[in-house]
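Please look over the sequence and the model below. The report that follows covers charge pairing, surface and pockets.

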Amino acid sequence: MTETDGPKKRGRPATGSGEGASVRVAPEVKAAFDAAAAAADSNRSKVTEALWAWYAGLPGANLPERPGDAKPPAR
């Protein structure tokens, strides 16, 4: 037997920093969003965080690129 530093931790392992946020959307919107994020070589979390930062007007935040767009629309 090997010794451990303490009792085994239970539950899901940490996946990153930040706080989780739940949003309700229609299944077809979620599927389209995930497909668009994948086409832009990204994922739902990265695109959602970028959108939230842009909407909140955080310094340096920009709209993420959408697949098929040369660049995000100017604001």
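A salt bridge is a side-chain nitrogen of Lys or Arg within 4 Å of a carboxyl oxygen of Asp or Glu. By this rule the count comes to one. Arg-44 and Asp-34 form it with their side chains, at 2.7 Å from N to O. Arg-44 lies in helix 2 (residues 44–56) and Asp-34 in helix 1 (residues 27–39), so the pair ties together parts that are ten residues apart in sequence. Helices are DSSP runs (H or I, at least four residues), numbered from the N terminus.

This is a predicted model: local features need pLDDT of at least 70, side-chain atom pairs count only at pLDDT 80 or more, and totals for chains, interfaces and linings use all residues. Residues are numbered from 1 along each chain as its sequence is written, and side-chain values use heavy atoms, without hydrogens and water.

| Residue | Relative accessible area |
|---|---|
| Arg-44 | 40% |
| Asp-34 | 26% |
| Val-29 | 45% |

Val-29 sits in helix 1.

Now the pocket. A pocket is an open set of points on a 1 Å grid over the protein atoms alone, where a 1.4 Å probe fits, with protein on both sides within 12 Å along at least five of seven lines; lining residues have an atom within 4 Å of a point. The largest pocket is lined by 19 residues, and Arg-44 is among those nearest its centre. Helix 2 gives the most to this lining, with six residues.

Technical notes
Helices (H or I, at least four residues) and strands (E, at least two) are DSSP runs, numbered from the N terminus. Buried means under 20% relative accessible area, exposed over 50%, partly exposed in between (1.4 Å probe, protein chains only).
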